[in-house]
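Work through the exercises below with the sequence and the 3D structure at hand. Try each task before reading its solution.

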Amino acid sequence: MAGGRDGGAGRKLVFLGPPGSGKGTQAQILAQELGVPAISTGEMLRGAVAAGTELGSKVEGIMNSGALVDDDTMAEVVRERLARDDAREGFLLDGYPRTLPQAETLAGILADSGGHLDAVVLLDAPEQELVDRALARKRADDKEEVVRERLRVYRQKTEPLVGYYEARGLLRRVDGLGTVEAVSARLLGAVS
Ligand code: ADP
């Protein structure tokens, strides 16, 4: 095995949770602890917007409205990212999948290289806490109505993934309330 730890638990992980759950912050910490890359599709798309690429101009308006980018576009972005060397032994996917078709696409991408997901971590927190936290940030898509729209989209399109992964025995729930340190300790416990 090439470098890194080779513990019993696999390290191909999906990080699931509503906007404002603290996922982005925790993904960085957890990925570092596990020695895998944190792959955030939101960050990749924001990078594309900032760089003014074709992908960026396609997704900018969609992102600013709180809606989801289409599944085919996301499939291309994720397939390409997971094909890179650093993701071969493991990864922590943050922000993907966000719909049931995306979950099927991900399973297909991994199966193509003889792999599979090892666990899906769900970081959760009460709705009002999520809105308050998101509004405390200063991002272009963090206006209150956009925040509420992103939460609505999450409930409608992404929350069904909880049952999907639960049925496959992959889901681990973690409480997102508390200090950054307390939550990251819980997360590490959940995937170890
Ligand atoms: P959050 O603040 O909810 O964690 P992200 O940074 O993950 O948001 O994503 C920001 C935006 O990027 C989303 O609202 C959506 O428009 C787009 N996006 C990111 N990942 C996906 C995806 N897997 N499918 C569709 N759209 C996505």
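**Exercise 1.** Find which helix gives the most residues to the lining of the largest pocket.

Solution. Helix H2, which covers residues 41–51, gives the most to this lining, with 5 residues. Helices (H or I, at least four residues) and strands (E, at least two) are DSSP runs, numbered from the N terminus. The model is predicted: local features need pLDDT of at least 70, side-chain atom pairs count only at pLDDT 80 or more, and totals for chains, interfaces and linings use all residues. Residues are numbered from 1 along each chain as its sequence is written, and side-chain values use heavy atoms, with hydrogens and water left out.

**Exercise 2.** State the volume of the largest pocket and describe its lining by class.

Solution. Step 1: the volume, the space filled by probe spheres set on grid points joined across faces, edges and corners, is about 880 Å³. Step 2: of the 44 lining residues, the closest to the pocket centre are Pro-19, Lys-23, Arg-98, Arg-137 and Arg-139. Step 3: the lining has 17 nonpolar, 17 polar and 10 charged residues. Here Ala, Val, Leu, Ile, Met, Phe, Trp, Tyr, Cys and Pro count as nonpolar, Asp, Glu, Lys and Arg as charged, and the others, Gly among them, as polar.

**Exercise 3.** Locate the ligand and list its polar contacts (pairs of N or O atoms within 3.5 Å).

Solution. Step 1: the ligand sits in the largest pocket, that is, more than half of its atoms lie within 2 Å of the pocket's grid points. Step 2: 18 residues surround the ligand, each with a heavy atom within 4 Å of it. Step 3: a side-chain N or O atom of Arg-46 is 2.9 Å from a ligand oxygen. A backbone N or O atom of Gly-95 is 2.8 Å from a ligand nitrogen, and a polar side-chain atom of Arg-98 lies 3.0 Å from a ligand nitrogen. Step 4: the ligand taken alone exposes 550 Å², of which the protein buries 95% (Shrake-Rupley method, 1.4 Å probe).

**Exercise 4.** Find which residues are joined by a cis peptide bond.

Solution. The bond joins Tyr-96 and Pro-97, with omega about 0°. Pro-97 lies in the loop between strand S3 (91–94) and H5.

Conventions. Polar contact = N/O pair within 3.5 Å; in protein donor to acceptor, adjacent residues only side chain to side chain. 1 Å grid on protein atoms, 1.4 Å probe; cavity = no way out; pocket = protein on both sides within 12 Å on 5 of 7 lines; lining within 4 Å.
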